[in-house]
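Student: Hi! Could you walk me through this one? I'm new to it.
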Amino acid sequence: MSFKAHDIENAVPLFLSEIAPTRIRGGLNILFQLNVTIGILFANLVNYGTAKIEGGWGWRVSLGLAGVPAGLLTLGSLLVTDTPNSLIERGHLDEGKAVLKRIRGTDNVEPEFLELVEASRVAKQVKHPFRNLLMRRNRPQLIIALALQVFQQFTGINAIMFYAPVLFNTVGFGSDAALYSAVILGAVNVLSTVVSIYSVDKVGRRKLLLEAGIQMFLSQVVIAIILGIKVTDHSDNLNHGYAIFAVILICTLVSAFAWSWGPLGWLIPSETFPLETRSAGQSVTVCVNLLFTFVIAQAFLSMLCHFKFGIFLFFSGWVLLMSFFVFFLLPETKNVPIEEMTEQVWKKHWLWKRFMDDYYVDGGDIGKGTKGFDPNSQL
C-alpha cells in the first residue's frame, strides 16, 4: 500500500524470495506484508491519539515515535546475512554455500547450490541489467510486473484508504470517521493478510487474484448503487442501516485486496524475474507503483467530486479488466523454484512461450538454438 516505505518494498520481497524454501515462499513473503499492515494499524491509532494532544504539538510526538521502528529496522539490518544468491554472484561461493546450508537446515544442498552458481554465471554476462529488461525473453516478466503495479493502484484501494474518513463521514459516521476508518479498516487489513499467508502456497496466486476480483467487483458495484440511490447532493448521509451495510461492503473490498492484490502485487514480481534482471526489475516495479500511487492520490478527490458514486463503478471496471488479465495472461508460480521459472512457467504458457526462444554464441555468430543464451544480444 502506498504509505509504506518503498525502499523496504524494493529489497525485502527480493530478499525473502531468494532465501525462502519453494514450498513456503509465498507465505513467508506475505508474512512481511502482515507486519506492514500491523504497523499501519498502529500508526493510524498513534496518529489519532496524538491528534488529541492539546497545544497543536501532537504531530511532533507522532513523528518522534516513528523513529523507534526505524531504529529497530536499522539495528536488525546489521544482523541479517546476505542471501546465497547475492554471495555467489559476488564470488563468495563457500560463504554462499554455508548460508544456504544454514537456512535450509541440511548439508544436502548441492543441487540447489549448483543451480544458483549457474544462474550467477549467466547473470554476470549482463553488463546493462536495465537495458536487458527490454530484451524479448524478459518482456513477459516485465509486462506482468508493471501490469500488476498499475492494476494494484486501479483497484482503488489506496484512494479508499487515503480518504476513508471522508467516505465514512459520507455514510454517516460524522466526527468519529477518522477513528472508525483507522481501526475498522486496519483490523480488516491485518486479519485478511493472515488469510493470504495460509492460502497462497496452497490454492495458488491466480485463484486468490481471481476470487478477489469477483469480490471487489461486486462490492464496488453494490456500494455505487447504494450511494447513488441514497446519497444525493442535498443529503450527505445514510440512515443507520444503510451506513452499516456500506461499511461492511467497504470492509469486504479491503479484505479481498489484503489477501490478493496487496501482497501478491509485490510477491509475483519478486519471484518471476531471472537473477540477471531481478534487482533492476524490482526497482522498475517499485518506481511504477510509486508513480501510479501518486496519480491516483492526486486525482481521487477531484474524481470523487465529479463522479460521486460513479467512482466505485470506475474502479470496478478496472477490477473486471485486471481479472481478465489474470485469467488469460498470468501464469501460476506456486511451488516453482525461482531459478526454474523460465523452463517450468514461461516456456509452457500459451502466449509467453513465444518470447522464450534461446540464443547462443557459437564461434562469434549468434544463432537460434538451445545451447545457451547471450544475455546482451538484442533480439
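Student: Where does Leu79 sit?
Tutor: Leu79 belongs to helix H3, which covers residues 58-79. Keep in mind that this is a predicted model.

Student: Okay, and is Leu79 buried or exposed?
Tutor: Leu79 is exposed: its relative accessible area is 76%, and the cut-off for exposed is over 50%.

Student: Which residues make up the nonpolar surface patch with Leu79?
Tutor: Leu65, Val68, Leu72, Leu75 and Leu78 make the patch together with Leu79. The patch has an area of about 680 Å².

Student: New topic! Where is Thr333?
Tutor: You'll find Thr333 in the loop that runs between helix H16 (310-329) and helix H17 (341-344).

Student: Is Thr333 buried or exposed, then?
Tutor: Thr333 is buried, because its relative accessible area is 2% and buried means under 20%.

Student: What is Thr333 in contact with, leaving aside neighbours within four places in sequence?
Tutor: Its contacts are Arg25, Arg205, Glu271, Thr272 and Met341. With Glu271, the side chain of Thr333 also makes a polar contact of 2.5 Å.

Student: Which residues of H6 are buried?
Tutor: Those are Phe113, Leu116, Ala119, Ser120, Val122 and Ala123.

Student: And what do the buried residues of H6 pack against?
Tutor: They pack against two helices, H4 (84-89) and H5 (93-104).

Terms used. Residues numbered from 1 in each chain as written. Predicted model: local features only at pLDDT ≥ 70, side-chain atom pairs only at ≥ 80, totals over all residues. Heavy atoms only, no water. Patch = residues over 30% accessible without salt bridge, like charges linked within 9 Å, V, L, I, M, F, W, Y side chains within 5 Å. Areas by Shrake-Rupley, 256 points an atom, 1.4 Å probe, with all protein chains shown as cover. Salt bridge = Lys/Arg side-chain N within 4 Å of Asp/Glu carboxyl O. Helix = DSSP H or I, 4+ residues; strand = E, 2+ residues; numbered from the N terminus. Buried < 20%, exposed > 50% of the residue type's maximum accessible area, 1.4 Å probe, protein only. Polar contact = N/O pair within 3.5 Å; in protein donor to acceptor, adjacent residues only side chain to side chain. Contact = heavy atoms within 4.5 Å.
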